[in-house]
Structures are given as structure tokens and as C-alpha cells.
Amino acid sequence: MSHRKLTILTVGTRGDVQPYIALGVALQKVGYQVKIATEAGFEEFVHEYGLDFAPLRADFMRMAQSAEGKAALAGKNKLSLMKQMGPMLRQIMDDAWSAAQGSDAIIYHPKALAGYHIAEKLAVPGFLAMMLPAYSPTRAFATPVLGAHHYGGLLNRFSYWLFLKAAMAPYRGLINSWRREKLGLSPYRDDTVLHGEPVQKLYAYSRQVVPIPVDWDDSTHVTGYWVLPPSEWQPPERLRDFLAQGPAPVYVGFGSMAPQDAERITRIVLEAARLAEQRVILATGWGGLTSSEISDTLFVLESAPHDWLFPRCAAVVHHGGAGTTGAGLRAGKPTVICPFFGDQPFWGQRVAALGVGPRPIPQKKLTVEALARAIHDATTDQEMQQRAQAIGERICAEDGMAEAISIISSKLNLLGKNSCQFVKFVAPIRH
């Protein structure tokens, strides 16, 4: 195979970057030359896996940690935050255009804004890639970006059109100015049709978690999760000792979500775990959870690879990000989701519907009693535990990267869907 050049564009939190690195590793393994263009803070992470890197001048994490960002996560002053993003978005698009020169295809997260337009200008295939099915209208469920709503039938389908129109409205003028000035293109009408055909959409989650609706066309592909190959990460000795000194603990972490009152949320978590009589690993991460408490039943860490840590836990409690939800289910563990906003309630609803976790507890309704009850159910309900293990085994049997490679390669006219034996990159998790 000739070394075709693929550029992957994504911005956001670690959960918006890690799956694309996993896909990039798999693509490079079968002969593609892959460049990841994302925020500068992820450069070391990208290089760790042997991929080319190009920086995008995006600073979503700083904005999320700011007072304005925390208020927006709580549903307040979103318009003020959006106004601050205009100059940054123009920089992201300029940098993406520079990074994509010479590419034979563009794989892009819509948040990077420029991917569709660059693929149009370069006259190369473009693949919209996400961890949730936000661009494929269906009667089966409303757009996950709006949470766990179910309006029924045509209203479910209409919610996709309405959301995408509303979400892009503040940026359409910015994008069209950029198209004219940087790309020499006329204003765009519809970013779901590229080169006269529906955009190819790659959704990196498992059909075991969200069954494929019957009314999707063949431009939509649910590939399975994109999971990094096992890293050389070694846990600190203190963590190994904690795990060995008692029953499997409950993991609690809210990823990059930064609650306005992190100390209060931390107190709720610790008191709920005490009432449920469970040991806890508290992941502080970027989410602002913190504790100076020292206890035989509590271990505080900043972060650890989920594929290493989750199989060693009794249950996982988190915000409901698509990637973290997938990691918990893949590990075969009951999941308690405490969503903030966006698609997080959707994943919480799916976990509950599958019977692999209790009903989600929105952050606004998070109390000691509610969380203690959920943790108790997740760690004592044997049927829930068996269902979680069973779905974990089915998810582990999938190979999301191989499926994505097959689709990408067929669209590039390099490989037929069945003409290459793909390597299974992900070691199965032992339950």
C-alpha cells in the first residue's frame, strides 16, 4: 500500500482526542501516514503513539476551568462564553487548513469546524467521526446532544435538524467568511452532503450499547469503540497496595467536568461511599474533585488509564462522557452516571435501559442519599453485575478500528471491505 496521508482534526477534552489517537495508531499500522491536528497540550500524548502532530490554537480546557466555563456547565451565561470563542475558532480553522495540506482524506470531529470545508476544497474524502450519533436523524431516539429526551417518531427525527441548525447558527457567518477568504469557496448550505453524496459518518461506540436504527442509510457506520493499545503505564506502588488490601473499590471521577462547588461534590461522594460501605478510588483529574482526607478506605489519584484501572474496580461512577461510559462497559462493570449536560444524560439512560447500572443522577440532583443508594445497588445487585460482565464480553469481541479502517479504505478505493486481514490491536480485558 502506498503511504496515503490522512489528517485527523479534533478539539476538546482528552475524551475528544484519545479515540482519534487510537484510530490513528490502527491506520498507521496498516500503512497510512497519519497526522493528528489538535490542541497543543496533547502533543506529547500524540507523539507517545508515534503519530505526526500539528497544533491547533484551541484552549477549550482553560475555558472549561474558568469561572465562565464552570457557569456554562451549570447552564448559566452560555452566550457570554460563546462570544469569547469567535477569535479562537477562526484560529482553529486557519491552523487546520495548514495542517491538512497534502492530505488524501480528512477525518474530523465537527467541533473542529473546518474538516468538512477542507475536504470540499481539497476534493478528497471526508469522514465525520464522533463518539455519539449526532448527525444521523432517526425516529428511534432524539438527538443525544439534547440529553435523554424521547419525543416520538417524526419529532425525534426533527430534533436532529433543529439542533444542528441552532448549533451552527452562531458560527455560520464566521465559517462563510473563512471559506471565502481562506479557501476561495462560496457560502455553504449543508455540511451533511459532500461531493454530491451524504457525508460518511463513523460513530465510535458499540451497537451493543445503542442498537442500530432501521431508518439509517448506508452513510452511517457504527464501528465499535476505538481503544488505545495497552500502554506501558505502571501504577504507583501505593495504588497497588491499596487494591491488594481489601475488596475491589468503587471508582469515582468526573473527567474534565469542573463543578462550580467541587468541595461540596467531593463531600457528597465520600459520605455516600461511607454509607454504602465501599472503598473508593477518587480521580481528581481536570474535574476539580479533591480531598486531603487520609483513610484506609480512600485512595486519591489524578488519573490512571481506564483500561488498567476499571477491571480492578467493583463499579464505576462518572459524568457519562461517551468514552468513559464505553470504558466502564468494556470492563464489564456496573456504571453509575451523574451527568452534567449534553449527551451525558443519553448515555446514563442507555446504561439504565441495558440494566447495567441504576438510573442516572443529574448533578443538580446529586445528594448523599441518592448516590449511596446507587453505589449500593451497583455493588450488590448480582444480576446487574452479570449483565455488565456479559455486555463487556460482547463489546470486547468487536474491533472498532478494523471496521473503521475497512470503511475508510473502501472509500479511498485502496481496499475492498474483505481484502485485508486486519490486526486485532486491543488486548481483551480479563473480567
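Visitor: How confident is the predictor, on average?
Guide: This is a predicted model. The mean pLDDT of the chain is 88. A value of 70 or more is reached by 86% of the residues.

Visitor: Where does pLDDT stay under 50?
Guide: Over residues 414-431. For that stretch the model has 43 contacts beyond four places in sequence.

Visitor: OK, the big picture. How many helices and strands?
Guide: The chain has 16 helices and 14 strands. Of its 431 residues, 55% are buried. Take the contacts with a separation of 6 or more: 63% of them join residues 24 or more positions apart.

Visitor: In what order do the seven strands of the open sheet come?
Guide: The order is β3-β2-β1-β4-β5-β8-β9, with parallel pairing.

Visitor: Which strands stand at the edges?
Guide: β3 (52-56) and β9 (220-222). Each has a single partner strand, so one side of each has no neighbour in the sheet. From one strand to the next, the twist averages 20°.

Visitor: Which helix packs on the sheet?
Guide: One that does is α1, residues 18-29. Helix α1 touches β1, β2, β4 and β5. Its direction makes about 165° with that of β2.

Visitor: How many bridges join β4 to β5?
Guide: Three, and the two strands run parallel. Ile 106 stands opposite Gly 126 in β5.

Visitor: New topic: β10. Are its faces covered or open?
Guide: Both faces of β10 (residues 250-253) are covered. Val 250 and Val 252 are buried on one side. Tyr 251 and Gly 253 are buried on the other. In a regular strand, side chains alternate between the two faces of the sheet.

Visitor: And which strands does β10 pair with?
Guide: One is β11 (residues 280-283), in the parallel sense over four bridges. There, Gly 253 has Ala 283 as its bridge partner. β10 also runs parallel to β13 (residues 315-318), joined by four bridges. In that case Val 252 is partnered by Val 317.

Visitor: Back to helices. How do α10 and α14 cross?
Guide: Their axes come within 8 Å and cross at roughly 50°. α10 and α14 are therefore oblique to each other. The crossing is right-handed.

Visitor: Which residues meet there?
Guide: From α10, they include Ile 268, Val 269 and Leu 275. From α14, Val 368, Leu 371, Ala 372 and Ile 375 take part.

Visitor: What about α14 and α15?
Guide: Those axes are 6 Å apart, and the helices pack at an angle of about 70°. That makes α14 and α15 roughly perpendicular to each other. Among the residues that meet are Asp 377 and Thr 380 in α14, and Gln 382 and Met 384 in α15.

Visitor: Last one: which residues have a positive phi without being glycine?
Guide: Leu 113 is one of them, with phi near 65°. Glu 277 is another, at about 60°. Most residues other than glycine have a negative phi.

Visitor: Where is Leu 113, and is it buried or exposed?
Guide: Leu 113 lies in the loop between β4 and α6. Its relative accessibility is 12%, so Leu 113 counts as buried.

Visitor: And Glu 277, buried or exposed?
Guide: Glu 277 is exposed, with a relative accessible area of 71%. Its place is in the loop between α10 and β11.

Methods: Residues are numbered from 1 along each chain as its sequence is written. This is a predicted model: local features need pLDDT of at least 70, side-chain atom pairs count only at pLDDT 80 or more; totals for chains, interfaces and linings use all residues. Side-chain values use heavy atoms; hydrogens and water are left out. Two strands pair if DSSP finds at least two bridges between them. Axes are lines fitted to C-alpha atoms, for helices over the stretch in contact, and angles run from 0 to 180 degrees between N-to-C directions. Contact means heavy atoms within 4.5 Å. pLDDT is the predictor's confidence in each residue, from 0 to 100. Buried means under 20% relative accessible area, exposed over 50%, partly exposed in between (1.4 Å probe, protein chains only). Angles under 35 degrees count as roughly parallel, over 145 as roughly antiparallel, 65 to 115 as roughly perpendicular and the rest as oblique. A crossing is left-handed if the near helix is turned anticlockwise from the far one by less than a right angle, and right-handed if clockwise.
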